[in-house]
Amino acid sequence: MTDSVNLSRRDVLRAGAMMALLVSAGIATPAQAAEWNKTAFSIKGVNDVLKQLGGGAVDKGGSGVHLTAPDIAENGAVVPLVVTSTLPGTDMIAILVEKNPNTLAATFGIPASTEPFVSTRVKMGETSVVYAAVRAGGKWVLASKEVKVTLGGCGG
């Protein structure tokens with residue numbers, strides 16, 4: 001368990017350093033972090049959220065998308081997830097939790113020529129299916145996994 005925590009810390013530090021580099025190079029600005037799709041975060045239902053995020057067809061086969069999540073989360077307040085994509089042209093990764101008060105948990109823009117990899121933690125209120133949605137070439141590809149929550153995170 002300690003190795004996965006250290007790996008996650010390294011990933012967070014790496015992502016923070018990359019963002020600092022992008023801001024210092026003028027490629028990204030701190031104001032971009034404040035821009036978000038408020039409507040997408042308030043919609044219920046996986047398909048409706050993906051439509052709001054600007055996607056076309058949805059492939060639920062998950063080929064080319066890999067979601068790593070625990071089978072059982074002892075604490076729903078901090079459920080670790082890792083999403084990777086081998087799909088060419090990946091430009092966005094979204095994490096959706098079917099039974100959360102807000103289905104959309106997070107979105108990540110993937111700049112061109114970067115590795116489509118996200119490591120994060122989400123809050124889950126109860127046992128639910130978690131979806132990793134990857135947009136590549138205007139099409140959404142989904143991978144999913146049910147995560148059992150033993151201690152509530154969103155409301156418990």
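Reply: Start with one pair of residues. Leu 96 has Leu 104 in strand S6 as its bridge partner. Now widen the view. This is a predicted model. In it, strand S5 covers residues 90–97 and strand S6 covers residues 104–109. The two pair in the antiparallel sense, over 5 bridges. A hairpin of 6 residues joins S5 to S6. In general, strands of a sheet pair through backbone hydrogen bonds, either parallel or antiparallel.

Next, look at Thr 90. Thr 90 belongs to strand S5. Is Thr 90 buried or exposed? Its relative accessibility is 9%, and buried means under 20%, so Thr 90 counts as buried.

What does the side chain of Thr 90 touch? There is a polar contact with the side chain of Ser 85, at 2.9 Å. The Thr 90 side chain also reaches the backbone oxygen of Leu 87, at 2.8 Å. Set aside the neighbours within four places in sequence. Thr 90 is then in contact with Ser 85, Ile 110, Pro 116, Val 134, Arg 135 and Ala 136.

Arg 135 forms a salt bridge with Asp 91. The closest N and O atoms are 3.0 Å apart. Arg 135 lies in strand S8 (residues 128–136), while Asp 91 lies in strand S5, so the pair ties together parts that are 44 residues apart in sequence. Arg 135 is buried, with a relative accessible area of 14%. Asp 91 is partly exposed, at 32%. In general, side chains of opposite charge can pair when their charged atoms come close.

The structure holds 2 salt bridges. One of them joins Lys 145 and Asp 71, with the closest N and O atoms 2.9 Å apart. Lys 145 sits in strand S9 (residues 139–149) and Asp 71 in the loop between S2 and strand S3 (72–73), so this pair ties together parts 74 residues apart in sequence. Lys 145 is partly exposed, at 24% relative accessible area. Asp 71 counts as exposed, at 53%.

Last, turn to Ser 85 again. Ser 85 touches Thr 90, and strand S4 spans residues 79–85. Strand S4 runs antiparallel to S7, joined by 6 bridges. Among the partners are Val 83 and, in S7, Val 118. An open sheet of 3 strands has the order S2-S4-S7, with antiparallel pairing. Its edge strands are S2 (65–68) and S7 (117–122), each pairing on one side only. The twist averages 15 degrees from one strand to the next.

Note on methods. Residues numbered from 1 in each chain as written. Predicted model: local features only at pLDDT ≥ 70, side-chain atom pairs only at ≥ 80, totals over all residues. Heavy atoms only, no water. Pairing = 2+ DSSP bridges. Helix = DSSP H or I, 4+ residues; strand = E, 2+ residues; numbered from the N terminus. Axes fitted to C-alpha atoms, helices over the stretch in contact; angles between N-to-C directions. Buried < 20%, exposed > 50% of the residue type's maximum accessible area, 1.4 Å probe, protein only. Polar contact = N/O pair within 3.5 Å; in protein donor to acceptor, adjacent residues only side chain to side chain. Contact = heavy atoms within 4.5 Å. Salt bridge = Lys/Arg side-chain N within 4 Å of Asp/Glu carboxyl O.
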